[in-house]
Amino acid sequence: MTMKIFALPAMGEGVFEAKINKWLKSEGDLVKAEEPLLEVSTDKVNTEIVAPFSGKLMHLLANAGEMVAVGAEIAQIATDSTTVPVNDSKSATTAPPTPSSKATGKKPLASPLVRKLAAEHGINLQDLPQTKRLTKRDIDAYLAARTAATTAPTQQSTPPTTSRLATKYIDGEEYLDGVKVRREKMSAIRQAIANHMLASVRTSPHVTTVFEIDMEQLLAAKNQFAPVCQQKYGFKLTCTPYFLHVACTCLQQFPSLNASVDGDDVLWKDSINIGCAVSLGADGLIVPVLRNADTLSLEGIARKLNDLVLKARAKQLAAEDVCGGTFSITNPGVYGSLMSNPIINQPQVAILGIGRIVPRAVVVDGMIAIRHQALISLTFDHRLVDGEAGARFLALFKERAENYHRQ
């Protein structure tokens, strides 16, 4: 019997920890590879984690309700389960985790590439678990675990849910400033959102610029395509796919708004993956990601966005649906908000806010006319994006949105 360690897998950029909601298997149960093993929640999504290999679940190393860092060991699985009685866990012999080369005294086998990567990252190959031959995957796993161990405490520092107000108890009832209150624990997803937003404000100096956009041409284009979309694909077309489409063309001209800041370094992104906020009602909101959105047509964006929205509201999003975003768009205008000042979704550096589209009296060619207008805001990280660049990006967005019929 061989005992293997099961560690919490990576779940996307910016995700350093997850809360174990519940285990779907108990100690002593047989598990199959790719079979759901546990449910976890992060600030981005609730998802199922599958077993990486078949065997017998011997030991749970993390409990339901516990926050666990990515790369942390959460279970031990015996892979030769046929030799172990299913209903008698006491008869199982627990083998220790695979020892490192340092512990065995053997020199690790590795290719020149693996040795080069280890040297670049300051890794002693003898610290890695012993295998027949070390691969790049072993290096990546070691780095992921090391990053999680050093970063997770920072993410957990001073979460807003740990602060306590000066409440008082009178006859068993709790009061705040003389007002009776009912205490209720935040949901896991709401706690994660709160911590993520607070960390973003602490990390990035937020700056917001606002432009007013004439929506007449974009609305005309939408109204022309909407019946076709309804008949062909069966869903109602909104303006949001148009905003995403325009944003993609502008980000190609302003790559700094599609980047990330890592200490003193800038991380330039090869892809434009746009996250679009979706309300989940009482459960808060989630930001599914349209990957490689700049390679999609308007029709492709509309279809993909509709699929993600349906999955989000049915709580069927997978981890890959909410990770890897490089830029975000939020549209509170659908609820009547005229303008928004949203918080940046780390580790991104910018987010676009769409206000309500309303008819207004404006001056056009020296004449007063009634035109559909919208206030569009861009909130950006002033560490990387200057006010001029933010304004020029939004000016280009305005020009292309107002002349959408020419695209």
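Mentor: Helices and strands here are DSSP runs, at least four residues of H or I for a helix and at least two of E for a strand, numbered from the N terminus. On that count, the chain has eight helices and 22 strands. The model is predicted. Its mean pLDDT is 82, and 81% of the residues reach at least 70. Two stretches call for caution. Residues 81-97 have a pLDDT below 50, with 25 contacts in the model beyond near neighbours in sequence. Residues 150-161 are also below 50, and their corresponding count is 17 contacts.

Now the part itself. D365 sits in the loop between β21 (358-364) and β22. Its phi is positive, about 55°, although D365 is not a glycine. Most residues other than glycine have a negative phi. Is D365 buried or exposed? D365 counts as exposed, because its relative accessibility is 79% and the cut-off for exposed is over 50%.

Go on into strand β22, where S377 is found. S377 counts as buried because its relative accessibility is 1%. The limit for buried is under 20%. A polar atom of the S377 side chain lies 2.8 Å from the backbone oxygen of S340. Leaving out residues up to four places away in sequence, S377 touches T208, T209, V210, S340, P342, I351, L352, G353 and L394. For the chain as a whole, 42% of the 407 residues count as buried. Of the contacts with a separation of 6 or more, 62% join residues 24 or more positions apart.

Which residues of α5 are buried? They are L218, L219, A221, K222, F225, A226 and C229. F225 is also where α5 bends, by about 35°. A proline, P227, follows within four residues. The length still fits: α5 (residues 216-233) has 18 residues, so at 1.5 Å a residue it should span 26 Å, and its end C-alpha atoms are 25 Å apart. Just after α5, G234 has a positive phi of about 80°.

Back to backbone geometry, with another loop. P347 lies between β19 (327-330) and β20 (350-354). The peptide bond from Q346 to P347 is cis, with omega near 5°. Most peptide bonds are trans.

E34 is not a glycine, yet its phi is positive, near 75°. It is in the loop between β3 and β4 (36-41). E34 counts as exposed because its relative accessibility is 58%.

That loop follows a sheet strand. β3 belongs to an open, antiparallel sheet of four strands, in the order β1-β8-β6-β3. β1 (3-7) and β3 (30-31) are the edge strands, each pairing on one side only. How many bridges join β3 to β6? Two, and the strands run antiparallel, with β6 covering residues 55-60. L30 has K56 of β6 as its bridge partner.

Technical notes
Residues are numbered from 1 along each chain as its sequence is written. Side-chain values use heavy atoms; hydrogens and water are left out. pLDDT is the predictor's confidence in each residue, from 0 to 100. Contact means heavy atoms within 4.5 Å. Two strands pair if DSSP finds at least two bridges between them. The expected span of a helix is 1.5 Å times one less than its number of residues. The bend at a residue is the angle between axes fitted to the seven residues ending there and the seven starting there. Buried means under 20% relative accessible area, exposed over 50%, partly exposed in between (1.4 Å probe, protein chains only). A polar contact is a pair of N or O atoms within 3.5 Å; within protein, one must be able to donate a hydrogen and the other to accept it, and residues adjacent in sequence count only if both atoms are side-chain atoms.
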